[in-house]
Structure formats: C-alpha cells, structure tokens
Amino acid sequence: MHSALLVFARQTNPLIAIYYFTHIGEFMEQLDFTLPLSKKEGTGAYFSKNTEDSKVTESPYNRSLTTLLSPLPPYVATLIALSGQMRQELEANLAKLFSLNPGRREAIFQYLSKLSAQNTGFLNNTSDPLKSWINQLYTSAQENALRTFFEEVAIFTLGQVLLLKSWSDRGIRPMKQDDLNNLNWALSSALKPFLPVDREGWQVTRPNLYSWYNPSSAIQRDLWKAIEPWTLADESPFFLLQLLKLTRQFQPSWPEIRGYDLRFFSTFWEKIFKFGFQTEIKMGPLKRRPVAFSPTLRDSTMVLTSPKELSWIGLEQNQFQLFLSEMSQLWRGPGVPPLWTTGSGLEVFAKDQLSLTLGSPKPSLYALITEMEACDIAFVLEERCIRPQGRQNEAQEFRNQLENYPSLKKLKSTHTSMGAIQACVALSKLRPGGLLWIAREEPLAQHEGQECLNFLLEKAKLLCEWSFTDVNHTLPLTAPLFPKYLYLFQRETNIQNRLENYPLRISIEGQIRSHIEVPLLLSDAFTLEHPSPPQREHWKIHHQQSPSPQKEWSELWPERTEHDVLDALEKLRKNSVPLAYFTTIRQCIDSAPKPQGPWKFSNQNIGLFASLPYNKTENHELLVTPTNDLTPTSKGTGFFILFRESSWMYPLKYYLQSKVMEKWFDHTAERKNGRWILSEHVLKLVPIPKPIIFAMGIPLENEATTLSLPREWQNLLVETDSKAEEIKEKLLTLKTSPEKECIQASVFVEATHALEKIKQDQAKLLSLVGADGQIEWADLIELLPKPELTQATYSDQVQISGNLPLHLPIINIEKVRSPIPGILFCSETGRNVQLSSIKPRVLDILWSEVKNLVNPTWGELIKILKIPRDMELFEQTAVEILKSHGRKIKQIQNLNDLIVTCLNF
C-alpha cells in the first residue's frame, strides 16, 4: 500500500511525496500500528489481531481514524495538488483582491497583518491599506502570510466542494459540475429552506474572507474529474476535518491552531458523568436538551466528540476554524444553523443596560447569545495566554475590546489574560449547578488580578484542578496531547457552600510510552471516586485536598504547589509509618470552660504535648513540650502523644517541629483564617521515616532493620556534641543511598539527645545571658555568696539624693541622664529619690534588680538592692561567663544545623 501511494504521489507532485513521508508516520503512529494487523472483510479499515488491544480501537477517536486509514492518503495527495493549483492562481492574480468591496479589503488587510505579526498601523491612514501592504511586499513574513491566506482560501473552496459531494452521495442534493462555478450560491440555495425566519444563516455561506473566490475553468475541470469517482456517503465529519488539516502546508504557528489531541476530548466526554453532568434530554414539564457554551469553539473537535444530545452555542475568534466547525456540522446534511459566530466571547457578556432592539426583525447572533444565561456546561480553551501589555496584534485587539466593554474593563489588571476574562464570561452563561471547564497552558495565579479571581470565586466553587506538567512523552505529534492545567468550577448560588468548599488538586507525573496509554492516563486522571488514585508502572497520580476553604482563596489565591515539594512528601509517605503506630494520641480536655483554663496531668506519663500558639492570627508553628516540663496548672488546648520509652521523646520533639513537618501540615492540615486546625486524625497520620524508627530502636512488623552503622560513624557519634560541624560536612559528602539514610537517622537521634543534654546541663549558664547577648546582672548577683555582696545604699560607689518615706509606694522607676546619670524613684505625691554612680556597671546592676518591680516601697528596695564588694573581680567573672556562653551557643547552633541536615530525607 505504501509503495502504491508513493508512486502516485511522485507522479502527481514531488512535494506530495515529501508530505506523505512526513505525515503518514505520524498518522499511523496515532493508530499505534506496532501490532500485527489484518484487514476486515468488506471494509477499508484495519484492525488488531489481538483481542485485548482491539478494545483500544473501540473509542470514537481510534474507530474514526481506523476508518480513515485506507481512503485518506490518496485523497490527501489529490487535494494537495488541487490546493497548490488554486494558490498559484491566486498568487498570479493579486489584482483580484483590489476589486473587492472596501469592507472585505479592510478585513483581509487586518487578517494578513495578524498572520505576518507585523505592526501595520502606519498603513491605516492610507486610502487602500491592503493595496499598500501588497505593493510593499519585502519581508518573508509578509510572503508567508499571503501564502497562508491563499491556501486557506483554497481549502475553504475544497471544503465546500466536499460538502456538496457528500450530500450528493447521500442522496440529499445531486451535485453538478456547474455548481463549481459558484459554490457559495449552491450551498446557500441548499441551506435556505432550513433557515429560521428570525435568525441569521450559516457563517460559511455569508460574505466572508474566503467566499469571493471562484476557481478558473481549468481548475474546475480538474476538480470535478478528481472528486467524481469518490464515494463519501459513509464517511464521518472527522474524515472532513482530518482531510482538510492534512491538506495544509502553510499555517501560522499559533497554539490554538494546533489545539489538543482528539483523545483528550473523547476521554473527557466519556468521564463527564463522574462530575455530575447528565447528558440525557431533560424529561418532564421542562423537556429540554442540555446546552453547552464555549467562546473558543476552535475547529469543533470538542463539539464532534461530545454527546449528540448536547446543543452548542458559542464563538470562535479565528474565522477559518469556525468555518471548519460549520462544515463538519453540515457534513451529514443541511440543517438549522447553531448559535455560532465569530468573536472572542467578550462581545456577549451581559451588559449593565440592555440595548434597545425596537424595529429590528432579526436580532443579531451576539444579542441572542448575550441573553443566554442558562447553559449547563461551558468550556474555555486557552492554548496561548494573550495579555493586554503584549505587543502582538492580538494583545492590541484585546485592549481595544476591553475599552469598549466597561463591565469587563473592571476585571482587567496588568497581567490578566484573555482566557481569564473569557472564563468570567462563560461562568455568567451557566445556570446554578452548571460546570465550567478551563484548559490552560499556564496556571491560574494571583497575577491574573484580584477582581478577576474574585469574580470566579464569588459565583462558583472550584471543584478540582489538574496539573499535567510532569507528564512526558516522545510520541511523534504536532499538537499537545492535553493541556498543562485544567480547572473545574461549578456555578453555586449558596454562599455558605462556596465559602466552605475545599478544592481538590490532582497532579500527574510520569511517562507515556505509546498512544495506547493516552486514554488510560486520562481516564485515571478523571477518576475521583477512589480513596487513593490508581497508580501505574509509568505514572503516578497525587490527590491533594486544599487545607484552606475557598473563602480564604478570595483573599489570597494560593500559589501552585511546587512539584519537588509534592514529590518529597510522597517519598516521605512511602518510606514512613504513621505516628499512631507506636504512640497513643489523645486530645487534651480542659476542666475550665475556656480553652486557656488549667487541666490536670500526671507527670508519670511519658510523652509530648502538641499545641498551637493562641497569640497569633496566622501561624505555621507547632509547639511541642515534653510532659516532664508540664505542671499541674499548665494551660492550653492540644494533644498528648504518649509512648513507653523516654529515649523517644527528644527525637520526636525535634522532628515534629522541623521544616519537613511544617510542609506536611501545610499540605495536610485544614486551615481556618490562616491557622492550622489540629485534629487527632491528622496527628495520627504524621509520617515518621523508617530509618528514624530503627535508629530509636523501635521494631516494625515484617521489616528488617536497615544497614548497621560503619565503625567510623560509630566512633564519630560518641563525640556528636563536640564534632557536630565535622559530622555535618561529612554527611554532605555522602551519596544518596539506603546506607546514607541509616547514617542520617542515627546522627539525628544522637544530635537531639546531645542538644537536650547541653540545654539541661548548662541551663543556669544559658539563663545568665539574655537574647540581646547582655549579662542578666540580677541573676548573676544571686550566684555570689552573701559575704561578697553589700547593700547598695551603704556603698560608697552609690550616691543618694532626695528623701522618700520607707513605706510610701513608688509608682515610677526610670533611668535619667541629668543632672547626673542615675535611677529615679518617684511616689504618687511627687517625692523622689535618685541613685547615682560614676561607674556605669553599678547602674546596670541596680537597673537589672529593679526594672521588673511593681510599686515597691523604699524600705523594700533597701533590702534587695545589692552590689558586689569587689567590682573588678565581678566584671572579670562576667567576661568569662560571656565567653563560656558563646562557646555553648556555638555548640548548640552546630547541633541545630546538624539536625536540619539530617532531616533532609
């Protein structure tokens, strides 16, 4: 078969042979012809001999392509040759363009400017911009734009011919060779009986960019001779779309032209019922068909794969793609035109004030679509993000449209894309309970603008978000298999349901090796009812429920979860056991009516107390306190984590307070007003890595202990407190392996014990220095023997001025600088005493003793104000304390860094 087609292609046109080689491989790869094939009797289709694999070809996509395989290649070769002849004829007669009416010439000029992606604003002031543009052809971009436009004119003509031929083969309307003289008139005449009185006709038959062209007599004869023997009665609309697409040799590199793979739409419609969408015709008093709306109809691939019960209304900005859509709808015969027109969707947004239509017998399609606000489903495709700050022609057109529609202009920000505005328009078309699907190549993020995101969240609830960014494949395709991001909104009028909604996020990662796996991966991604998503050999699916309700999304749209975080959490989950496996978790029940009240607790229990701080409106912090540090009068609401071995306490404490757990709680715990909401269920599921379990000496059923530590590491761990920095550097040089995980876990456990031992042994030393690095002089004074101290009021180093009764309360204590530095004590009556000294250190000691006192009397102060007898020796002691404190703090910091390094699982 290949050799026959190649001979035919070479005889027709050398370009066809090249085209055949570059496209037939992709076309057959889509059918996945890696298995032995056999031809079924009586058909032109090829089927797999393997019954299991033949199930794959039962989908609408594979079935339609299999049917196309036999007749399509020779048809493509013929149409490429005819299209080339028409294009050459048009290029040789550019003067035909100048004879068109001014309105059509202006439309063609604008379209050519868009195709060439050049700034042509300077030509708008000329009398004939199209003529000036063509006469100044001096760039390859302009030549390619003109060539692309002429090819679209030729393919439009071929599409009309194929429509008439299909109708003739079906016995609907006989086709004559004279029809080729005026194809537009032939189609209009056939469709006229089906047009409603109060409606506009089909877009494809109205005056447009392509309908002005009629092929020459020679081309008409070749065209009639080529198609007369064809039989198209049994072909589907997919045949027409694929045939016209494969005929193209020149087209702009716009993502919306390529679109998405047919299998994405087919699988989507097969799974649509899982999201609550019913395709059956509504019965009962209100019998009606379900209605779909889309401002991005594209080439009707989405429409053709949808259930036949669904009625579509919508728009498409690219006129050529809209014509392909209408031709596919007309393929099986004439009918009533759908509510389709050219536009971006911004034209049909509900206006603040309805326009008057008095005396208008036929309301425009825009007016009819604008009034429609009772659709059941809407679909927005955004293969390319166009933003108002862009320089391309589409961005300029987008800006102009927003200026013309004040009701939409308020939704715009600097980085709002056209697709986001189209989503707002589509959402306004839905009835309560309707579904809005948004397919994008970029995630919805805060930069879309608060007004735009609030519009979506205030009218609908976000049910689910899919991320396909980490799915890779090497299949020979020109169009992407599926969008990178997919969002599902549901129109919701109940405010409480919207605010309390917790969106679901689904991330898919892995590799697609064959076309057969494409529908399977999409089917897995669209399956939501499983408690855990199906996992395959070559891809994984992560389900993540939003920890915060939708009412918080309106204030700050959460940024997209980074894949490395999800991957790390998934790896942690797989190599861990839940905390409840070896502990008992119980919620603390307060005896007082308020959560700040005291509760009773026995110090005989071994464990931890986990709680959240009350003095923060937003927190990402878990407070973990050992039970031996609690008192019978402790306060707060939290959870006890009890276990049998005291050696488990500190490793678990530092693990629960680590950054790893902070990320885990961020993605697992429910949030309210920015705060985590702890629950017994969440704490029970906290993943504890198995290496840490083994390092703590906890046995696991059906699990063998990992590798034992090498002797070198055993020797290092004996000196963990003094060699923490050396151990950290050595850990960083190890390569990832099970042995490294075992070493890290052992080092982590030893480091936590060493750190707590230092804190306990040096608690007094650490308390002598404040957070600002200054000595706490009052605490240091308490350590001196009584003979080394003297009362400040009797010392010659302190001067006293003023007079104050012994039993009069002092209401104000403050430092003063004049007339001399000192500390001033004032009573309510104004009487005061000032203590001064020429030695600043004496004043520092006195201030540390009185700064926290509340309303003391002078008699009480005389008893407690003490200073060292030997101030020089006292200051030397303070210097040594600072040095010792610095060394211990450095040691503690090294151990903290070592713990953080060890938790990098």
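A salt bridge is a side-chain nitrogen of Lys or Arg within 4 Å of a carboxyl oxygen of Asp or Glu. The structure holds 34 salt bridges. This is a predicted model, in which local features need pLDDT of at least 70, side-chain atom pairs count only at pLDDT 80 or more, and totals for chains, interfaces and linings use all residues. Residues are numbered from 1 along each chain as its sequence is written, and side-chain values use heavy atoms, with hydrogens and water left out.

**View 1. Salt bridge between arginine 431 and aspartate 376.** The closest N and O atoms of this pair are 3.5 Å apart. The pair links distant parts of the chain, 55 residues apart: arginine 431 lies in strand β7 (residues 430–440) and aspartate 376 in strand β6 (residues 375–382). Helices (H or I, at least four residues) and strands (E, at least two) are DSSP runs, numbered from the N terminus. Arginine 431 is partly exposed at 27% relative accessible area, whereas aspartate 376 is buried at 10%. Buried means under 20% relative accessible area, exposed over 50%, and partly exposed in between (1.4 Å probe, protein chains only).

**View 2. Salt bridge between arginine 384 and glutamate 394.** Here the closest N and O atoms are 3.4 Å apart. Arginine 384 sits in the loop between β6 and α18 (393–404), and glutamate 394, ten residues away, in helix α18. Glutamate 394 is buried, with 9% relative accessibility.

**View 3. Salt bridge between glutamate 662 and lysine 659 within helix α27.** The closest N and O atoms are 3.5 Å apart. Both residues belong to helix α27 (residues 659–668), three residues apart, about one turn of the helix. Lysine 659 is exposed at 60% relative accessibility, and glutamate 662 is partly exposed at 24%.
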